[in-house]
Amino acid sequence: MQSGFYLLAALSAILMGTIGIIARFGELDAAMLTFYRLGLGALILMLFLLFRRETARLWVKPHWGTVAGGVLLATFILCFLKAIETIPMSLAIMLVYLAPAVAAIGAHFLFGERLGAAAFGLILLAFFGFAMLQEFNLDMAGAEALGMSYALGCLLAYTAFILINKKIPPASDPYAKTWVQLAVGALVTLPMVWGDPLPNASEWFWLMIAAVFPGFLAILFAVKSITALPAKMFGTLAYLEPLVVVLTGYLLFNEPMSALKWGGCALILLSGIAQVQLANAANARAQAGNGRPLKVS
């Protein structure tokens, strides 16, 4: 039975990685795609809960971190979509996935979550991998520099999203939290599309795909699997998302990838997965020290 949850976690990560494909094939404006992905995703989730007669979940008073998370969710999606307009998808997504490393540094100073030698080494390894991905050349200008700026904005927003979610009580209802963050994110991006003409038939097709697949289904699968799987396993499977983005950029959009770039991607992914394992081992030790029973995985 648990193998089904492994599949759901993997599918969630894979579906999350399709937003760049949708943006490029649909030739959609970044603000439009962000608003409709979040807004339609919130609507579909609301209808799903109505169908299950679980409407009480829609009216739970949200934690302040959940609301802030919705703002940051919209920010990093918008920045990612703006970034891939001018820089390769592989570069943008790998910069985004440096966020766990940056968040670990932030948690060290903000929350007293001390970095051990192994964690610090993995962070350095991730940054070295990014330098390899750039082929040790950070000299960009014009549109590429603008795209890199958006990617950096995405990195910072995702880092803040991770840190703020640490302050949300673990017992928070995941469906309620997800619905609030989708709805808040849609409201944040609403002024950017206010007054624009409604999408045409072709745009509606791609927007609905974005709302259903990397929107509702990806989130539903994540919510279901994260409650059933050990955190270290779910966190590891989440790294399928950047892998999907890199492969689709290479295979579908002919983005050049040298051996050095592939090596950089591998270092970032392996570093991130190892950080997940280290963090969960540290949490297990902390729970054992507090006398709490450990979950056997």
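S90 lies in helix α5, residues 89–96; helices here are DSSP runs of H or I with at least four residues, strands are E runs of at least two, and both are numbered from the N terminus. S90 is buried, at a relative accessible area of 4%. Buried means under 20% relative accessible area, exposed means over 50%, and partly exposed is in between, with a 1.4 Å probe and protein chains only. Apart from neighbours within four places in sequence, S90 is in contact with L133, V246, E255 and M257, where contact means heavy atoms within 4.5 Å.

The model is predicted, so local features need pLDDT of at least 70 and side-chain atom pairs count only at pLDDT 80 or more, while totals for chains, interfaces and linings use all residues. Residues are numbered from 1 along each chain as its sequence is written, and side-chain values use heavy atoms, with hydrogens and water left out.

**Overall fold**

The protein has 13 helices and zero strands. With 297 residues, a compact globule would have a radius of gyration near 19 Å, and the protein agrees with this at 19 Å; the radius is taken over C-alpha atoms, and the globule rule is 2.2 Å times the number of residues to the power 0.38. Along the principal axes, the C-alpha atoms fill a box of roughly 60 × 55 × 35 Å. Of the 297 residues, 46% are buried. Among contacts with a separation of 6 or more, 87% are between residues 24 or more positions apart.

**Surface and charge**

The accessible surface is about 14,700 Å², and carbon and sulfur atoms hold 69% of that area. These areas come from the Shrake-Rupley method with a 1.4 Å probe; for residues, only the protein chains shown count as cover. There are 17 positive and 13 negative side chains, and the centres of the two sets lie 19 Å apart. Lys and Arg count as positive and Asp and Glu as negative, without His and the chain ends; each charge is placed at NZ of Lys, CZ of Arg, CG of Asp or CD of Glu.

**F25**

F25 is in helix α2, residues 19–26, and is partly exposed at 44% relative accessible area. Leaving aside neighbours within four places in sequence, F25 is in contact with W206, L252 and F253. F25 and A281 are 256 residues apart in sequence, and their C-alpha atoms are 41 Å apart in space.

**Cysteines**

The structure holds zero disulfides, a disulfide being a pair of cysteine sulfur atoms within 2.5 Å. C79 is in no disulfide, and the nearest cysteine sulfur, that of C154, is 6.1 Å away. C79 is buried, with a relative accessible area of 13%. For C265 the closest cysteine sulfur is also in C154, at 16 Å, which is too far for a bond. C265 is buried as well, at 4% relative accessibility.

**Positive phi**

Most residues other than glycine have a negative phi.
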